[in-house]
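Reader: I am new to protein structures and would like to learn how to look at one. Could you take me through this one step by step?

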Amino acid sequence: QVQLVESGGGLVQAGGSLRLSCAASGSIFSINTMGWYRQAPGKQRELVATIARAGTTNYADSVKGRFTISRDNAKRTEYLQMNSLKPEDTAVYYCNAAVLTRDLRSLEVWGQGTQVTVSS
């Protein structure tokens, strides 16, 4: 079984910063693309950012220049540094990973979600 555990959410004022972490554990052979998604109340889940194993990144236009995704392959952990936060960034943030298990199954795994609230 593979799990993703997120941490780092919370309440912050507009203009502030937060750093989210997501650690993978379990029967993992390798992790390919990792990503962060978010879902605001009444809206669909949307992509925030992704990072390939080699480090290539992709961002939603709404967060470019403010958010930075990174990963530590040795620790099987990804991060999302969020700066210049806006009230419209308020959402539940989910991490995601494409995992190859030790018995060579390909899985898409999601974290449990962490709340980020930005006050104006």
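Author: Happy to! Rings of Phe, Tyr and Trp (its six-membered ring) pair if their centres lie within 6.5 Å. Keep in mind that this is a predicted model.

Reader: How many aromatic pairs does a search of the whole structure find?

Author: The rule to apply is that ring centres must lie within 6.5 Å. With the whole structure searched, the number of aromatic pairs is one.

Reader: Which ring does the charged end of Arg19 sit over?

Author: A charge of this kind has to be within 6 Å of the ring centre. The charged end of Arg19 is 4.1 Å from the centre of its ring. That ring belongs to Tyr79.

Reader: And how far is Arg45 from the ring centre of Tyr94?

Author: Here Arg45 lies over the face of the Tyr94 ring. Its distance from the ring centre is 3.8 Å.

Reader: Let's turn to salt bridges. How many are there?

Author: To count, a side-chain nitrogen of Lys or Arg must be within 4 Å of a carboxyl oxygen of Asp or Glu. One of the bridges joins Arg38 and Glu46, with the closest N and O atoms 2.7 Å apart. The count of salt bridges is five.

Reader: Is Arg38 buried or exposed?

Author: Buried means under 20% relative accessible area. Arg38 has a relative accessibility of 5%, so it counts as buried.

Reader: How many residues apart are Asp89 and Arg38, which form a salt bridge?

Author: In this bridge the closest N and O atoms are 3.0 Å apart. Asp89 is in the loop between strands S8 and S9, while Arg38 is in strand S4, so the pair links distant parts of the chain.

Reader: Which strands stand at the edges of the open sheet of four strands?

Author: The order in this sheet is S1-S3-S8-S7, with antiparallel pairing. Each edge strand has a single partner strand, so one side of each is left without a neighbour in the sheet. The edge strands are S1 and S7.

Reader: Which residue in S8 stands opposite Arg71?

Author: S7 and S8 pair in the antiparallel sense over six bridges. Opposite Arg71, the residue in S8 is Glu78.

Conventions
Residues are numbered from 1 along each chain as its sequence is written. This is a predicted model: local features need pLDDT of at least 70, side-chain atom pairs count only at pLDDT 80 or more; totals for chains, interfaces and linings use all residues. Side-chain values use heavy atoms; hydrogens and water are left out. Rings of Phe, Tyr and Trp (its six-membered ring) pair if their centres lie within 6.5 Å; planes under 30 degrees apart count as stacked, over 60 as edge-to-face and the rest as tilted. A charge sits over a ring if NZ of Lys or CZ of Arg is within 6 Å of the ring centre and within 35 degrees of the ring normal. Buried means under 20% relative accessible area, exposed over 50%, partly exposed in between (1.4 Å probe, protein chains only). Helices (H or I, at least four residues) and strands (E, at least two) are DSSP runs, numbered from the N terminus. Two strands pair if DSSP finds at least two bridges between them.
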